[in-house]
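Visitor: I'd like to learn how to read a protein model. Could you walk me through it?

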Amino acid sequence: MRFPSKEIVERVRKQYPAGTRVELVQMDDVQAPPVGTMGTVTAVDDTGSLLMHWDNGSHLNVVYGTDVVREIYN
């Protein structure tokens, strides 16, 4: 696996600060929440992945460059 640069990780951290609400569009994991599940970003790790608290109770991370979410604007 190739990790993103520090600059990319910082950009992801600015785009998805803790508390950002997102909707799952695609996740490449057999245990993924259903598409459309809403969740809250708790942090961004050093690989650019979003650490999550999904509304259905799941805590699977959104993997940078693999999974897709969209930000929810209230």
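Guide: Let's begin with the elements: helices (H or I, at least four residues) and strands (E, at least two) are DSSP runs, numbered from the N terminus. Here the protein chain runs α-β-β-β-β from the N terminus on, with one helix and four strands. A word on where this comes from: residues are numbered from 1 along each chain as its sequence is written, and side-chain values use heavy atoms, with hydrogens and water left out. This is a predicted model, where local features need pLDDT of at least 70, side-chain atom pairs count only at pLDDT 80 or more, and totals for chains, interfaces and linings use all residues.

Visitor: What radius of gyration does the protein chain have, and how does one judge it?

Guide: The radius is taken over C-alpha atoms, and the globule rule is 2.2 Å times the number of residues to the power 0.38. For 74 residues, a compact globule would come out near 11 Å, and the protein chain agrees, with 11 Å. Along the principal axes, its C-alpha atoms fill a box of roughly 30 × 30 × 15 Å.

Visitor: Is Thr20 buried or exposed?

Guide: Buried means under 20% relative accessible area, exposed over 50%, and partly exposed in between (1.4 Å probe, protein chains only). Thr20 has 8% relative accessibility, so Thr20 counts as buried. Across the protein chain, buried residues make up 31% of the 74 residues. As for its place, Thr20 sits in the loop between helix H1 (6-15) and strand S1 (21-26).

Visitor: Which residues is Thr20 in contact with, leaving aside its neighbours within four places in sequence?

Guide: Contact means heavy atoms within 4.5 Å. On that count, Thr20 is in contact with Gln15, Gly39, Thr40, Val41 and Glu71, once neighbours within four places are set aside. There's also a polar contact to look at, meaning a pair of N or O atoms within 3.5 Å; within protein, one must be able to donate a hydrogen and the other to accept it, and residues adjacent in sequence count only if both atoms are side-chain atoms. A polar atom of the Thr20 side chain lies 2.7 Å from the backbone oxygen of Pro17.

Visitor: And where is Thr42?

Guide: Thr42 belongs to strand S2 (residues 38-44). Thr42 is partly exposed, at a relative accessible area of 43%. Not counting residues up to four places away in sequence, Thr42 touches Ala18, Leu51, Met52 and His53. Pro17 turns up again here: Thr42 and Pro17 are 25 residues apart in sequence and 7.7 Å apart in space, C-alpha to C-alpha.
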